[in-house]
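Here are my notes on this model for you to read with the structure open. Take the points one at a time.

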Amino acid sequence: MESDKKLEKKISIINVDYLSADDQENLSQLGESGQEILDYAQDDNETAFVKEDDGQLILVYQLLEDKLVSLSDGSIPRIMPMTFVAGQDQLLILHTDSTARLLAKAMDKVSPADDPKESLLQLLTVFTKDYFRVVEGMGKERDDLMNQLRQRPTKRSLTGLANLQSGSVYVMMGSQQNGEMLADWQDLPGYEDYSDRVKELLRDTMIEVKQLSNNCSLHQRILEQMASSYNNVLSNRLNDNVTSLTILTIGLTIITTVTSFYGMNVKLPFAKVDIVWLIILVITTVIALIAMHFLRRFVNGGHKKL
């Protein structure tokens with residue numbers, strides 16, 4: 001209970017979708033930057049960044065929605081920004097209805113701290129670990145698709161691979177933005193004045209984000225290799241089908257060319273014999289089959305040399 005009361009004193013939470021009079025007052029205490037910070041929090045497409053303004057640390061972090069989705073079925077995970085303002089004595093968190101549940105779950109894992117930046121970094125670490133659960137799910141879907149494609153590539157499995165590849169981009173984008181933001185944090189002028197504890201927590205958070213980014217990059221490279229490999233397989237199958245149809249067309253052309261002469265008003269041997277059409281059909285069919293056989297051997301021989 002005491003820790004909860006201490007957190008309430010050190011952390012203020014504002015839902016920007018429903019601003020109360022007290023919320024308006026808290027924002028007005030931020031000075032001229034209050035409206036600007038509110039605009040950041042209300043922008044669903046805000047990118048991750050960090051900056052210092054009048055002794056306050058303003059930070060936007062990309063969160064991954066708390067919902068299991070199947071990327072191979074075409075579902076896209078949502079990346080949602082959350083805005084933080086760390087002052088000297090208090091941490092201000094601005095969230096929306098979409099991120100309220102994520103924040104509530106993360107707050108249960110935050111320990112009371114005198115420095116607001118410590119509480120902020122604890123929250124960022126918790127949010128980063130939520131990404132790993134989704135990345136693990138993507139890895140399982142990728143392995144399942146790989147097994148399906150090895151057994152028999154189907155339109156459904158190839159569509160699932162394309163969906164997984166496009167959906168993974170959003171997760172990788174969120175992790176990369178967070179990583180770049182944390183790297184910029186270290187370059188801020190006030191970084192040298194931070195306590196050793198804050199610097200240690202920042203390094204730990206950067207390690208988590210870097211590991212996440214590496215996992216996402218590895219996952220994306222594997223998907224690209226899978227897509228490239230099966231594109232080559234499909235291309236080779238298409239070439240084989242076109243070759244077979246070409247050989248069949250040549251064989252049918254032989255039969256059509258010979259029999260068509262007997263359908264014209266042209267003087268030909270045995271043209272008036274009733275049974276001759278059957279004999280000609282049999283002979284030309286045999287010739288066509290022999291021609292197709294040698295063409296197939298010639299094509300297969302060329303492929304073996306390659």
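How do the residues of the lining of the largest pocket divide into nonpolar, polar and charged?

1. Before the answer, some ground rules. You're looking at a predicted model, where local features need pLDDT of at least 70 and side-chain atom pairs count only at pLDDT 80 or more, while totals for chains, interfaces and linings use all residues. Numbering runs from 1 along each chain as its sequence is written, and side-chain values use heavy atoms, with hydrogens and water left out.

2. Now the pocket: its lining splits into four nonpolar, five polar and six charged residues. Gly is counted as polar here, and Asp, Glu, Lys and Arg as charged. Of the 15 lining residues, E52, G55, Q88, K117 and Y194 lie nearest the centre. Two or more lining residues come from each of β2, β3 and α5 (116-151). A pocket is an open set of points on a 1 Å grid where a 1.4 Å probe fits, with protein on both sides within 12 Å along at least five of seven lines; lining residues have an atom within 4 Å of a point.

3. Next, the open sheet: five strands in the order β1-β5-β4-β3-β2, with mixed pairing. β1 (11-15) and β2 (49-53) are at the edges with a single partner strand each, so one side of each has no neighbour in the sheet. Strands are DSSP runs of E, at least two residues, and helices are H or I, at least four; pairing takes at least two bridges.

4. Look at β3 (residues 56-64) and β4 (residues 79-86): they pair in the antiparallel sense over eight bridges. Within that pair, V60 stands opposite T83 in β4.

5. Finally, check residues 275-295, one of the spans that UniProt (unreviewed entry) lists as "transmembrane region"; such annotations may be inferred rather than shown by experiment. This span is 95% helix and 0% strand, and its end C-alpha atoms lie 31 Å apart.
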